[in-house]
Amino acid sequence: VESSSGELFNSWKRGKLQSTSGSYLLFQLQQNSIRVCKVSEKTEKSSFQNWNEFVSQELKEDQACWIVYDFDCSMARSFEVKDKSHKTLLICWIPNRCSGKEKMSYAMWSNNMKHCLSGIHKTIQACSESDLDLENIFEKLFPFRK
């Protein structure tokens, strides 16, 4: 992970704790280096609406990326989860439509991402939007909720 991207992640994490930062950072592999490509802006939308917009608008069906997402567990009302905290997710988005070379590159670099970013609660592999359905996310975050 490029040092400036690591610093940006740490600043985002500090801002998240102070409720001054947006809900996610989008990373991409560029010239054998992992770089932050987008920092979301702080929004007043509900977390549920923000999550659905993020999945439908930011994730491309033919382009891999990593996303560090500040996931608001208060969306869990209908999922029988009592945890109202926020969890920092690392989403490894490697869609099926990517080239084989891109899939291999992102899979290889994913371990590097996990080790360079401290404070990640859960890593989620996703290759389709259905993998990021709220029900699936809550099952991964809270496997013993039933």
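A polar contact is a pair of N or O atoms within 3.5 Å, where one must be able to donate a hydrogen and the other to accept it. Tyr 24 and Ser 40 show how this looks here: the backbone nitrogen of Tyr 24 lies 2.9 Å from a polar atom of the Ser 40 side chain. The model is predicted. Its protein chain has four helices and five strands.

**Overall layout**

- Starting at the N terminus, the elements follow the order α-β-β-α-β-β-α-β-α.
- The protein chain has 146 residues, and 42% of them are buried.
- Take the contacts between residues at least 6 apart in sequence: 63% of these join residues at least 24 apart.
- The accessible surface of the protein chain is about 8,100 Å². Carbon and sulfur atoms account for 48% of that surface.

**Around Ser 40**

- Ser 40 sits in the loop between E2 and H2.
- Is Ser 40 buried or exposed? Ser 40 counts as buried, because its relative accessibility is 9%, and the cut-off for buried is under 20%.
- Ser 23 and Ser 40 are 17 residues apart in sequence. In space, their C-alpha atoms are 6.1 Å apart.
- The side chain of Ser 40 also supplies the polar atom that lies 2.9 Å from the backbone nitrogen of Tyr 24.

- Strand E1 covers residues 24-30, and strand E2 covers residues 33-39.
- The two strands run antiparallel, and six bridges join them.
- Phe 27 stands opposite Val 36 in E2.
- E1 and E2 form a hairpin with two residues between them. Gln 31 is in the turn and has a positive phi of about 55°.
- In a regular strand, side chains alternate between the two faces of the sheet.

**Aromatic pairs**

- How many aromatic pairs does a search of the whole structure find? The search finds six.
- One of them is formed by Tyr 24 and Phe 54. Their ring centres are 4.9 Å apart, with 50° between the planes, and the pair is tilted.
- Tyr 24 belongs to strand E1, while Phe 54 belongs to helix H2 (residues 47-58). The pair links distant parts of the chain, 30 residues apart.
- Tyr 24 and Phe 54 are both buried.
- Phe 71 and Phe 138 have ring centres 5.4 Å apart. Their planes meet at 65°, so this pair is edge-to-face; the cut-off for that class is over 60 degrees.
- Phe 71 is in strand E3 (residues 65-72) and Phe 138 is in helix H4 (residues 134-141), so the pair ties together parts that are 67 residues apart in sequence.
- Phe 71 and Phe 138 are buried too.
- Ring pairs link Tyr 24, Phe 54, Tyr 69, Phe 71 and Phe 138 into a cluster.

**Cysteines**

- A disulfide is a covalent bond between the sulfur atoms of two cysteines.
- The structure holds zero disulfides. Cys 37 is in none, and its nearest cysteine sulfur, that of Cys 65, is 8.4 Å away.
- A disulfide needs sulfur atoms within 2.5 Å.
- Cys 37 counts as partly exposed, because its relative accessibility is 37%.
- Cys 92 counts as buried, because its relative accessibility is 0%.

Terms used
Residues are numbered from 1 along each chain as its sequence is written. This is a predicted model: local features need pLDDT of at least 70, side-chain atom pairs count only at pLDDT 80 or more; totals for chains, interfaces and linings use all residues. Side-chain values use heavy atoms; hydrogens and water are left out. Rings of Phe, Tyr and Trp (its six-membered ring) pair if their centres lie within 6.5 Å; planes under 30 degrees apart count as stacked, over 60 as edge-to-face and the rest as tilted. Buried means under 20% relative accessible area, exposed over 50%, partly exposed in between (1.4 Å probe, protein chains only). Two strands pair if DSSP finds at least two bridges between them. Contact means heavy atoms within 4.5 Å. Accessible areas come from the Shrake-Rupley method with a 1.4 Å probe; for residues, only the protein chains shown count as cover.
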